[in-house]
Amino acid sequence: MKILLVDDSSTMRRIQKNTLEKIGHTDVTEAEDGVDAIKKLAAGGFELVLMDWNMPNMTGIEALKKIKADPATKDIPVIMVTSESEKTRIMEAIQSGAANYVVKPFQPETLAEKISSIKK
Amino acid sequence: MASPVKVEHINPFISATLETFKSMMRTTITPGKIILVKGAHLSYDISGIIGLSGGAKGTVTLSFPKITALKTVSEFIGEKVVTMDDTVKDAIGELANIVAGAAKKDLTQYKISISLPTVIIGENHEVQGGKECIPLAVPFSSPLGNFNLIVSFKSEG
């Protein structure tokens with residue numbers, strides 16, 4: 001599964017990448033904000049996006065809306081992985097097309113479970 | 001005249017810090033007695049700061065001595081870190097971000113927005129609060145070492 005991992009924190013990218021590797025996902029591309037994510041998605045082939053919310057240049061929710069508005073990317077599932085923990089934010093993301101939502105802080109098992117549920 | 005942060009406003013940040021260390025570092029930390037930052041001369045080597053805006057204004061800061069920061073970041077990323085490099089800077093900023101974000105769910109009435117992290121590195125620097133509100137510090141002890149959570153929080157209106 002080709003995965004795009006979007007987070008402005010290199011630390012969070014490293015943590016999530018390690019989790020992905022542990023559950024067998026090694027084809028991971030990193031993006032550091034929404035602009036970078038949209039640019040990298042244009043290359044095609046991605047089957048899952050893990051998206052942070054608060055990022056410079058283009059936020060995760062803005063990038064999510066762009067992904068869902070583009071016929072070329074609208075079917076790629078997007079899991080939001082973010083410290084935005086309020087229900088209103090979660091609802092906004094789901095209504096904007098997010099397939100799932102992981103709130104930081106999270107245990108690696110939680111992220112792994114959400115990814116597995118997408119695969120099914 | 002400025003007044004200290006109210007207890008009901010600092011408690012969500014304490015809970016969020018406990019939750020963050022438990023979930024992401026599998027480490028149990030213990031909060032100590034809350035103290036006023038003013039006059040306490042608390043000094044640190046690295047601080048991650050998040051600004052709060054919206055229905056409340058303020059800052060959330062996690063401040064660490066160097067040795068605690070290195071141990072905390074090593075535990076956070078699952079790899080041993082021995083120097084105060086960009087990895088440590090990014091990780092401390094992200095920890096502050098996670099704590100601020102997690103606390104928001106218990107402060108929804110203020111519709112708070114959080115800033116991107118700012119990280120200060122410098123031996124023995126002190127963290128001061130704004131003029132509107134006297135910040136409070138919560139000293140935490142942990143197997144990784146001691147560190148402080150500093151909260152400045154002033155609700156609008």
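Figure 1. Strands β1 (residues 3-6) and β3 of chain A run parallel and are joined by four bridges. Helices (H or I, at least four residues) and strands (E, at least two) are DSSP runs, numbered from the N terminus. Strands count as paired if DSSP finds at least two bridges between them. This is a predicted model; local features need pLDDT of at least 70, side-chain atom pairs count only at pLDDT 80 or more, and totals for chains, interfaces and linings use all residues. Residues are numbered from 1 along each chain as its sequence is written, while chains are lettered from A and ligands numbered from 1 in the order in which they are written. L4(A) has V49(A) as its bridge partner in β3(A). Three bridges link β3(A) to strand β4 (residues 78-82) of chain A, and these run parallel. Here M51(A) has M80(A) as its bridge partner in β4(A). From β3(A) the chain passes through helix α3 (residues 60-69) of chain A to β4(A), in a right-handed β-α-β crossover. Right-handed means that, with the strands pointing away from the viewer, the path from the first strand over the helix to the second runs clockwise.

Figure 2. A residue is buried if 20 or more other C-beta atoms lie within 10 Å of its own, exposed if 12 or fewer, and partly exposed in between; C-beta atoms are placed from the backbone.

**Figure 3. A cis peptide bond in chain A.** K104(A) and P105(A) are joined by a cis peptide bond, with omega about 0°. P105(A) sits in the loop between β5 (100-103) and α5 (108-119) of chain A. Most peptide bonds are trans.

**Figure 4. Helix α3 of chain B.** The 19 residues of α3 (residues 86-104) of chain B should span 27 Å at 1.5 Å a residue, and the end C-alpha atoms are 27 Å apart, which agrees. The expected span is 1.5 Å times one less than the number of residues. Of the 19 residues of α3(B), 17 are buried, so the helix is largely enclosed by the rest of the structure. Across chain B, 45% of the 157 residues are buried.

**Figure 5. The contact between chains A and B.** Chain B gives 20 residues to the contact and chain A gives 17 residues. Residues are in contact if their C-beta atoms, placed from the backbone, lie within 7 Å. On the side of chain B that touches chain A, α1 (7-25), α2 (66-77) and α3 of chain B each supply at least two residues. The largest share, nine residues, comes from α3(B). By class, this side of chain B has eight nonpolar, seven polar and five charged residues. Ala, Val, Leu, Ile, Met, Phe, Trp, Tyr, Cys and Pro count as nonpolar, Asp, Glu, Lys and Arg as charged, and the others, Gly among them, as polar.

Figure 6. R26(B) is not a glycine, yet has a positive phi of about 50°. R26(B) lies in the loop between α1 and β2 (30-31) of chain B. With 10 C-beta neighbours inside 10 Å, R26(B) is exposed. K111(B), also a residue other than glycine, has a positive phi near 45°. K111(B) lies in the loop between α3 and β6 (113-114) of chain B. K111(B) has 14 other C-beta atoms within 10 Å and is partly exposed.

Note on methods: Two residues are in contact if their C-beta atoms, placed from the backbone, lie within 7 Å.
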